[in-house]
Amino acid sequence: MKMLTDAFMNDFWKDALSIVSAAGFILTAIGVWLAWLQMRHTTSAAQAASQAAISAIEESRSQYNRYVIAQAYRLLTETRVYLKNNSWDAAAMRLGDLADLLIQVAGDDTIWAELAGRIQTMENTFERVHRGESSFSESLKGKWYKLDRELRTKIAENLKPFNDETVTC
Amino acid sequence: MLNDQQFLGILRSLLEKSKNDKVHWKRSGRRQDSFLVAFNDESMIVVSFFSPPSEPDLARAELIVRGDSVFAVQAEDGDPNYLELRELYEDAFRSVTGWDGAIEQIEKELSGDGDVGVSF
């Protein structure tokens, strides 16, 4: 007769159950590990995609800024030619275009912003010279040469090959 | 009514006296590049010089009576009156800073045989 205090399973079944439990635990752990690996892979893929998008935007911005600065160089050269011919109104117009262009790349760059402001004032001054309300005096000539020199330096810095500044300017 | 020519005439007389060190110029409290001479009837003449970075240099003289600006002439570099106004400003600057006296002293010391320079 079977007593209530008798063991439910004999030793063989107990061992078998232990082995199955251990195997189950190992399989669960492997599953968790695989899931973690998959998650990591997915995260790094998302990060890579995001980084690639950021790089693409930065590259586009850099290309655009280089284009704008090359245009600025052209406008500055034209302004110089007009000044040489005493065409104050044409020079003023080119300076206005130049200021509008540089405002686009100024962003957080205080030097570009300051130069754009000075160009706008110089544009008004040349318009006044054109109307005969002012003259291209020696002091004004000196101020124009200074502005021209500073602009050329800043443009040259940004048009250098492999220059990182164009990305952030 | 005061006109430009009358005021410029006054400024010319002021320049003559200033060149002979007979004007008590003071630095104006309002601007660094401004000098004033006060008269007994609470009027004053203020001369100023401006050099904005992208505009022509500008010299200005202003008559102030009991705090009110009653007349002013100004001229940009290249204008007919610019050199006169600029000269008046330069002479006020010389008078207040005393740079001419300093140059005289430096030249005197350099032409002597002794050591030059004060040891601190």
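Predicted model: local features only at pLDDT ≥ 70, side-chain atom pairs only at ≥ 80, totals over all residues.
Modeller: Local features need pLDDT of at least 70 and side-chain atom pairs 80 or more, while totals for chains, interfaces and linings use all residues. Residues are numbered from 1 along each chain as its sequence is written, chains are lettered from A and ligands numbered from 1 in the order written, and side-chain values use heavy atoms, without hydrogens and water.

Biologist: How many aromatic pairs are there over all chains?

Modeller: A pair of aromatic rings is described by the distance of the centres and the angle of the planes. Rings of Phe, Tyr and Trp (its six-membered ring) pair if their centres lie within 6.5 Å; planes under 30 degrees apart are stacked, over 60 edge-to-face, the rest tilted. The whole structure has nine such pairs. One of them, Phe12(A) with Trp13(A), is edge-to-face, at 5.2 Å centre to centre and 80° between the planes.

Biologist: How are the rings of Trp88(A) and Phe126(A) placed?

Modeller: They form a tilted pair, with 5.9 Å between centres and 50° between planes. Trp88(A) belongs to helix H2 (residues 88–106) and Phe126(A) to helix H3 (residues 110–130), 38 residues apart; helices are DSSP runs of H or I, at least four residues, numbered from the N terminus.

Biologist: Are Trp88(A) and Phe126(A) buried or exposed?

Modeller: Buried means under 20% relative accessible area, exposed over 50%, partly exposed in between (1.4 Å probe, protein chains only). Both residues are buried, whereas Phe12(A) is exposed at 57%.

Biologist: What does the C-alpha trace of chain A span?

Modeller: About 130 × 30 × 20 Å along its principal axes.

Technical notes
Helix = DSSP H or I, 4+ residues; strand = E, 2+ residues; numbered from the N terminus.
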